[in-house]
Amino acid sequence: MPQIKEQRILDYVLQNAVKGDPQSVVDAIDKYCSEKEWAMNVGNEKGLILDKIVSETNPSTALELGTYCGYSGVRIAQLLKPGACFLTVEKNPVHAAIAKQIFEFAGVQEKIKILEGSSEEIIPQLKSKHKVNTFDFIFIDHWSDRYTPDTKLLEECGLLKQGSVLLADNVIYPGAPDFLQYVRNCSRYECTNYPSHLEYMDKEDALEKAVFKG
Ligand SMILES: O=C(NCCO)c1cc(-c2ccc(F)cc2)cc(O)c1O
Ligand SMILES: [Mg+2]
């Protein structure tokens, strides 16, 4: 029995999903985490809202803060048009290693680049080191105490343009009250709340979409 939950999730995917089939990987993770062990993937209920907003945005450039095991990265990657640039940031090296293997098994590894490190270190390097200009779509799903400082950092680094879509997970549970306060009271954002539930639980949660007005 692997000693960490994330390795057990990976093993379940390798044994139960279909190699090269991203949706089977997403479904396998949801099955394992709803039946065996809870884990902090965005889950299918919030994942369907994520899918809808990614499809509507149809981004050429996308950023994810908080890769974890790669569940939302697979969901987003399978919706991106050919040639889109998708970067995902993960601070925990063990989680990054699991996500890398999930992306490879799902067959989306060519569409997504994992950047290992803290968001506060990586965001200021994105233009110079990773040849990014601005992001069309940003999924914020890392530590909630970083949501607001990293949003301000993205602004300061000139990584947002008029129409950039920020989508934040967990704004109700565990909660990101300062982030909601910031984007809802800042005239530079147009906000929409999407009520849902915490992944694999009945507890209330929500996604918040904040469109940058420039
Ligand atoms: O910390 C989170 N993400 C950053 C690390 O990748 C995170 C936590 C939780 C959660 C935790 C503990 C609990 F009791 C309830 C929820 C849920 C999530 O969706 C999350 O994204
Ligand atoms: Mg989350």
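1. Start with the binding-site annotation: UniProt, in an unreviewed entry, puts "binding site" at Val42, Ser72, Glu90 and Asp141. Bear in mind that UniProt annotations may be inferred rather than shown by experiment, with feature names shortened and positions given in the numbering used here. The lining of the largest pocket includes Val42, Ser72, Glu90 and Asp141. Here a pocket is an open set of points on a 1 Å grid over the protein atoms alone, where a 1.4 Å probe fits, with protein on both sides within 12 Å along at least five of seven lines; lining residues have an atom within 4 Å of a point. Val42 is found in the loop between α2 and α3 (43-57).

2. A word on the model: this is a predicted one, where local features need pLDDT of at least 70 and side-chain atom pairs count only at pLDDT 80 or more, while totals for chains, interfaces and linings use all residues. Residues are numbered from 1 along each chain as its sequence is written, chains are lettered from A and ligands numbered from 1 in the order in which they are written, and side-chain values use heavy atoms, with hydrogens and water left out.

3. The "binding site" annotation (unreviewed UniProt entry) also covers Asp141, Asp169 and Asn170. They are spread over 30 residues of sequence, yet they cluster in space, with a largest C-alpha distance of 7.4 Å. From this set, the lining of the largest pocket takes in Asp141 and Asn170. Asp141 is found in the loop between β4 (135-140) and α8; helices (H or I, at least four residues) and strands (E, at least two) are DSSP runs numbered from the N terminus.

4. Next, α1 (residues 5-16) and α2 (residues 22-35): their axes come within 9 Å and cross at roughly 130 degrees. That makes α1 oblique to α2 (under 35 degrees counts as roughly parallel, over 145 as roughly antiparallel, 65 to 115 as roughly perpendicular, the rest as oblique). Axes are lines fitted to C-alpha atoms over the stretch in contact, and angles run from 0 to 180 degrees between N-to-C directions. On the α1 side, Arg8, Ile9, Tyr12 and Val13 make the contact (heavy atoms within 4.5 Å), and among their α2 partners are Val25, Ala28 and Ile29.

5. Helices α8 (residues 147-156) and α10 (residues 177-185) have axes that come within 8 Å and cross at roughly 35 degrees. Tyr147, Thr148, Thr151, Lys152 and Glu155 of α8 meet Asp178, Phe179 and Tyr182 of α10.

6. Two backbone spots to check. Tyr173 and Pro174 are joined by a cis peptide bond, omega about 0 degrees, and Pro174 sits in helix α9 (residues 171-175). Tyr68 is not a glycine but has a positive phi of about 55 degrees; Tyr68 lies in the loop between β1 (61-65) and α4 (71-77).
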